[in-house]
Amino acid sequence: METAPLEAIVKAYGTPCFVFDEAALARRMHAVREIVGERMRLCYSVKANPFLIPAMCGLVETLEVCSPGELEICMALGVRPDAILFSGVNKTWRDVERAMDAGITRFTCESPLHVRLIDEAAQSRGRVYPVLLRLTAGSQFGMDEADLLAAVANRSGTPGIRIEGIHFFSGTQRKKLDSQRGELALLRNFCTRLREEYGFEALRVEYGPGLYFPYFAHEDDRDTLAPLRELAPDLRALAETCELTVEMGRFFVSECGTYLTQVVDTKVNCGTAYAIVDGGIHHVNYIGGTMGMRVPRITHLAGPAHVRDDAQDWTLCGSLCTTADVLVRRVSLHGLVPGDILAFRNIGAYAVTESPALFLSRDMPRILLSGAGGVRLCRDALPTSILNQPKKEI
């Protein structure tokens, strides 16, 4: 978003707040669609940002939920059940039954237990549910190859499920496309093996390439869709053999988010210039806990007119009483003063839910959506003290 709309948002809603630009998201997803073509399906991983679910419903074919809570959010928003893939490593009988009661018909199986559980729940309802078997990439997610092959070999013994194909995802923020190309080749070969050795035709493959998004100021962001463009021929090769769904979250939505926070204090301690903002690490998280050592893209929205110093290095810190609350260790900015606004860019994914929001019982920030009808409040500032308050003994 441009500077003027952000300044208007600050004036109307205050800080700290997140602003998610639905128009920018739509432009990006249309560009993604042009790259992959109409033959491939797109799936949005809801965990990246649940506040973008309504916008994403018209831009992708499927939403992946990985918890009962994410499913409840989708149900409350009226998402079509047939547009939801119920995934996740911890599925209980109760979770599966609730999903089935809600009309969900598509599940992933991440273990032999999931195969049995979903099959038994389906049989108890006299129905057959399609599932994708998740193949592990060497982590706690998915099934070992031997377990997956055993499930395929024994598919006649699980009449409540219809195995339709494979789900595969190995990680995120991966720069070298050789890894993804190797995975796509592995999936093609694995599907061939299933057909030749087990007489099983994998009709569908859902693949998460975990493409890299350049968050930080030192990175080249002239074409953030370049990784998908480069990988597209390899994706198309797999799509020629089955129905391919490309599943992503961070790569889809990072670009559409801005976090606005106000400078509330400045000082120099032992030669280091510090700016304290009304937000902090309980709101802002780009990638793990390493952001303080890197400089994200920040727009400095100056407050009232005054003489600005030459650019100098600042350490940007938040409002939490911990030395860990450092947003940026060193960034060059022109004379910060209380009242200035800092806009952290490319924060459309994860930060809104992944940061330690309950620490020190500070309020969760407002969530704003900017769309065709203007800016609207999606969630007001939310006190967290009630969540951290023990029950009073009488």
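Mentor: On a 1 Å grid over the protein atoms alone, a cavity is a set of points where a 1.4 Å probe fits but cannot get out, and its lining residues have an atom within 4 Å of a point. Grid points are joined across faces, edges and corners, and a volume is the space filled by probe spheres set on the points. This is a predicted model, where local features need pLDDT of at least 70, side-chain atom pairs count only at pLDDT 80 or more, and totals for chains, interfaces and linings use all residues. Residues are numbered from 1 along each chain as its sequence is written, and side-chain values use heavy atoms, with hydrogens and water left out.

Trainee: How much space lies in the largest cavity?

Mentor: The search covers the whole structure and returns 2 cavities of 30 Å³ or more. For the largest cavity, the space is about 40 Å³.

Trainee: Which strand gives the most to the lining of the largest cavity?

Mentor: Strands are DSSP runs (E, at least two residues), numbered from the N terminus. The lining consists of Arg106, Phe107, Pro130, Val131, Leu132, Glu164 and Arg204. At least two of the lining residues come from each of strand 5 (106–109) and strand 6 (129–134). With 3 residues, the most is given by strand 6.

Trainee: How many residues lining the second largest cavity are charged?

Mentor: This cavity, of about 30 Å³, is lined by Arg106, Leu132, Arg204, Val205, Glu206, Glu243 and Thr245. Asp, Glu, Lys and Arg count as charged, Ala, Val, Leu, Ile, Met, Phe, Trp, Tyr, Cys and Pro as nonpolar, and the others, Gly among them, as polar. The lining has 2 nonpolar residues and 1 polar, and the charged ones number 4.

Trainee: In what order do the strands close into a barrel?

Mentor: Two strands pair if DSSP finds at least two bridges between them. Strand 3 (residues 62–65) and strand 4 (residues 84–86), for example, run parallel and are joined by 3 bridges. The barrel has 8 strands with parallel pairing, and their order is 2-3-4-5-6-7-8-9.

Trainee: At what angle does helix 7 run to strand 6?

Mentor: Helices are DSSP runs as well (H or I, at least four residues). Axes are lines fitted to C-alpha atoms, for helices over the stretch in contact (heavy atoms within 4.5 Å), and angles run from 0 to 180 degrees between N-to-C directions. Helix 7 (residues 145–153) lies across strand 6 and strand 7 (161–169), and its angle to strand 6 is about 155 degrees.

Note on methods. 1 Å grid on protein atoms, 1.4 Å probe; cavity = no way out; pocket = protein on both sides within 12 Å on 5 of 7 lines; lining within 4 Å.
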